[in-house]
Amino acid sequence: MTDTPAKATGKSAKSAKAAQRAAAAAELTLPEWLSARGDDELVTLLQLRPDLAVPLPSAMAVLAARTEQRASVLRATDELDTLDFAVIETLVVQGAADGRQAEPVPRTRLHELLGDRVAATAIDAAVDKLRERALVWGPDAGLRLTAAAQEALPWPLGSTTELPDALTEPEITAALGELTQQERGLLEKLATTGPRGRTRDAAPGTPDDRPVQRLLHRRLLNWIDEETVELPVSVGQVLRGEPVTDPHALTPPQPNQTKHAPADVNAAAAGEVGELLRHSAAVLEVLGQTPAPALRSGGLGVREIRRVAKQTGIDENRVGLLAEVLAAARLLDKGSPEPLPEPDSADDYWAPTTTADAWLAVVPPHRWAVLAHAWLELDRFPWMIGLRDANDKPLAALSAELRVVHAVRDRRAILGLLAEFPTGTALSAADLGRVLAWRQPRWRRHYRLEAVERTLAEAEALGLIARGAVTSAGRALLHGSPEDAESEMATALPEPVDHVLVQADLTVIAPGPLTPDLEDRVALVADVESAGAATVYRISETSVRRALDAGATAAELHNLFTTHSRTPVPQSLTYLIDDVARRHGRLRAGMAQSFVRSEDPTLLAEVLAAPVAGELALRAVAPTVAISQAPLGEVLERLRAAGFSPAGEDSSGAIVDLRARGARISARQQPKPNWRPNPPSTEQLQSLVAELRAGERAATARPGQAVRSDGSRTTTAATLNLLQLAARTRRPVHIGYVDASGIATQRVVEPLKVGSGQLDALDPVTGAIRHFTLHRIASVALVE
């Protein structure tokens with residue numbers, strides 16, 4: 001059946017119009033396309049590519065040239081996903097990136113080539129995304145690609161557009177397991193140094209038992225020429241522990257989800273937060289009592305990590321993480337603490353800062369929020385502690401080598417992806433890495449399985465995730481709401497209890513977190529024996545003496561347990577307190593530099609007869625008083641070591657608490673990292689676009705009568721006359737202006753008033769009145 005003449009005529013007319021549109025698209029230049037964009041679209045472009053706005057481009061041609069610069073294009077493609085790169089590769093293959101010889105590609109052609117693997121709406125969204133960044137430009141009838149975009153492809157050209165002929169991940173894993181040590185070593189060398197290698201064994205006729213030939217037969221290497229082989233991308237990813245990406249898959253992978261009740265997730269995180277706060281306080285206490293000498297490189301040595309771990313009972317790896325987080329929160333710092341430790345070879349020490357005391361005094365939810373936020377914004381990878389550097393030396397905690405520019409970005413990307421799923425949804429580290437590698441294939445090496453697993457482990461230790469799912473408090477903190485995060489954590493944490501359970505074996509069980517006041521009083525009279533959801537304290541003669549030394553009386557200790565114990569106070573505890581109190585304080589020490597006194601002359605005579613009297617150079621000045629030149633703290637310590645129970649007193653005779661307060665370093669204001677960009681606001685970008693439009697209008701205006709100022713009196717008068725004429729006749733002028741920074745600009749304005757060394761003019765683009773200093777106007781011309 002043939003078409004009628006009318007139908008044939010209609011088809012030919014449509015074809016002619018399509019040909020005209022295609023021709024118009026082919027003739028369109030990038031500056032013209034940018035000029036045709038709306039102001040909001042240009043603002044979006046500068047938000048997505050802020051490097052284009054520095055310094056301010058004087059015209060669209062300058063902006064267009066910057067959009068095509070290789071460095072700027074590579075930065076702009078960091079956030080593109082696999083589908084976006086598929087569109088770029090397809091445009092490259094179709095010739096849309098060959099400069100002046102480029103063949104514009106209609107959007108419908110992309111639908112034909114990629115539509116069998118992804119929906120048309122997804123292709124359109126990818127094109128719009130690329131066009132927003134000016135990586136793809138032109139109308140739908142003729143899309144063009146910035147030439148440098150081809151260099152940003154994260155895999156060899158053709159990986160997306162050609163049918164895949166590579167081994168799958170299970171096949172690669174199975175094949176690697178069958179290799180000899182020599183063959184695997186060859187592959188690992190290529191995986192770490194570069195995919196291509198030169199070898200004579202690639203030549204035809206080489207014996208099949210050679211390692212390179214066996215790898216070629218197994219398809220673990222690709223043949224390039226007689227002297228070159230190449231490691232397939234997927235094989236290199238498996239060897240490096242990266243998520244295996246499939247450039248041919250244009251839809252994101254669907255991870256396996258595990259569901260948990262949100263209440264269970266928050267409860268599990270609350271238990272971790274309790275341990276986090278207790279361990280953090282323990283680390284601060286140990287480093288306050290004995291500051292750790294800093295290494296010459298500035299870090300915290302392995303020996304000091306082990307010492308802190310031994311004194312606190314915390315795992316060494318966890319001590320390193322806590323040290324990093326405490327330092328990031330400015331609760332731990334390096335410097336010269338007060339009081340200074342014993343003379344040592346170290347110039348600096350790691351010790352708590354003065355803000356640590358205030359942090360220890362606030363409520364647990366706020367303490368957690370400080371630590372969690374510090375970890376989120378930490379530009380370092382604590383999990384790298386102990387790994388080997390290029391010189392095969394272990395990386396130390398708090399050392400400069402742990403600083404990584406992309407640490408914050410990677411950490412937030414991992415947790416942000418997990419937070420996209422409903423509350424209580426857990427994903428495996430492998431699935432997270434695969435999705436992130438699909439979304440950001442140029443950054444896929446950052447999402448190795450080890451990196452994702454260790455980041456999740458740190459997040460779990462900080463209470464941001466539990467059971468593989470983001471907690472309610474963690475979700476609020478990721479969304480930038482610290483107050484909501486504190487509120488969520490306060491809800492998750494168990495309510496403090498105001499009672500304990502005293503056992504007959506002189507142990508005290510706290511069935512939950514104690515109120516701050518009760519916790520301080522119990523910790524003064526008892527030592528922690530085991531910690532967890534329920535903390536077990538043990539009371540001993542030493543701990544009771546410690547409480548009495550701090551100024552507590554026997555009556556106060558009896559009242560403490562009688563009031564707050566839900567179980568009957570055992571008689572053995574009553575006897576212990578009374579017995580220690582009866583002997584405590586019968587001997588008193590003061591300052592002569594120091595003195596020792598006792599109401600019992602026999603007891604003082606016993607002290608003077610003991611060897612400790614010679615060590616302290618004690619001298620009796622009365623039957624009940626002896627003096628010493630040793631410091632009071634040393635007198636008390638040595639007398640107690642000799643088996644006596646002295647109590648310190650002040651000038652009024654009251655017992656004083658002489659326990660060491662711990663060293664402290666003055667807190668310094670945390671400097672802002674200088675590598676983080678400070679993007680301009682929307683208002684600033686709108687003003688910038690307005691300036692760009694004004695410069696573009698001035699560049700395209702046709703100047704008429706012109707006056708160029710050279711500083712002479714005659715030319716200056718001519719400039720004033722021309723500006724006054726334009727103001728009277730309301731004619732626009734084209735002026736060249738040099739601002740205070742020496743930057744020359746061109747613009748078209750409508751003069752309103754000339755006088756007092758200033759020109760007041762209306763900007764026809766923005767409608768705003770602008771003021772120009774007359775002596776900075778380099779040229780003036782009427783606009784025809």
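This is a predicted model: local features need pLDDT of at least 70, side-chain atom pairs count only at pLDDT 80 or more; totals for chains, interfaces and linings use all residues.
Trainee: Okay, how many helices and strands does the protein chain have?

Mentor: Count the DSSP runs over the protein chain, both kinds. The tally is 31 helices and 27 strands.

Trainee: And what share of the 784 residues is buried?

Mentor: Buried means under 20% relative accessible area, exposed is over 50%, and partly exposed is in between (1.4 Å probe, protein chains only). With that cut-off, the buried share of the 784 residues is 45%.

Trainee: Among contacts between residues at least 6 apart in sequence, what share joins residues at least 24 apart?

Mentor: A contact here means heavy atoms within 4.5 Å. Take the protein chain's contacts between residues at least 6 apart, and the share joining residues at least 24 apart is 65%.

Trainee: Which residues touch the most other members of the largest nonpolar core?

Mentor: A nonpolar core is a set of buried Ala, Val, Leu, Ile, Met, Phe, Trp, Tyr and Cys residues joined through side-chain atoms within 4.5 Å. In soluble globular proteins, nonpolar side chains tend to be buried together. The largest core in this model has 68 residues, and those touching the most other members are Trp368, Leu371, Trp375, Leu415, Leu456, Leu462 and Leu464.

Trainee: Is H13 roughly parallel or roughly perpendicular to H15?

Mentor: Axes are lines fitted to C-alpha atoms, for helices over the stretch in contact, and angles run from 0 to 180 degrees between N-to-C directions. The axes of H13 (262-289) and H15 (316-328) come within 10 Å and cross at roughly 80 degrees. Under 35 degrees counts as roughly parallel, over 145 as roughly antiparallel, 65 to 115 as roughly perpendicular, and the rest as oblique. So H13 and H15 are roughly perpendicular.

Trainee: How do the residues of that H13 contact with H15 divide?

Mentor: H13 brings Glu272, Glu275, Leu276, His279, Ser280, Val283 and Leu284, while H15 brings Arg318, Leu322 and Leu326. Ala, Val, Leu, Ile, Met, Phe, Trp, Tyr, Cys and Pro count as nonpolar, Asp, Glu, Lys and Arg as charged, and the others, Gly among them, as polar. The division is 5 nonpolar, 2 polar and 3 charged.

Trainee: What's the division for the contact of H18 with H19?

Mentor: The axes of H18 and H19 (429-439) come within 10 Å and cross at roughly 105 degrees, so H18 and H19 are roughly perpendicular to each other. Ala413, Ile414, Leu417 and Leu418 in H18 meet Leu432, Val435, Leu436 and Arg439 in H19. That divides into 7 nonpolar, no polar and 1 charged.

Trainee: How far apart in space are Leu417 and Leu432?

Mentor: Leu417 is in H18, and it is buried, with a relative accessible area of 2%. Leu417 and Leu432 are 15 residues apart in sequence; C-alpha to C-alpha, the separation is 7.5 Å.

Trainee: Which side chain does the side chain of Glu649 make a polar contact with?

Mentor: Glu649 is in the loop between E21 (647-648) and H30 (682-700), and it is buried at 7% relative accessible area. A polar contact is a pair of N or O atoms within 3.5 Å; within protein, one must be able to donate a hydrogen and the other to accept it, and residues adjacent in sequence count only if both atoms are side-chain atoms. At 2.9 Å, the partner side chain is that of Arg597.

Trainee: What is the phi of Ala134?

Mentor: Ala134 is in the loop between H8 (120-132) and E1 (136-137), and is buried at 1% relative accessibility. Although Ala134 is not a glycine, its phi is positive, at about 60 degrees.

Key
Residues are numbered from 1 along each chain as its sequence is written. Side-chain values use heavy atoms; hydrogens and water are left out. Helices (H or I, at least four residues) and strands (E, at least two) are DSSP runs, numbered from the N terminus.
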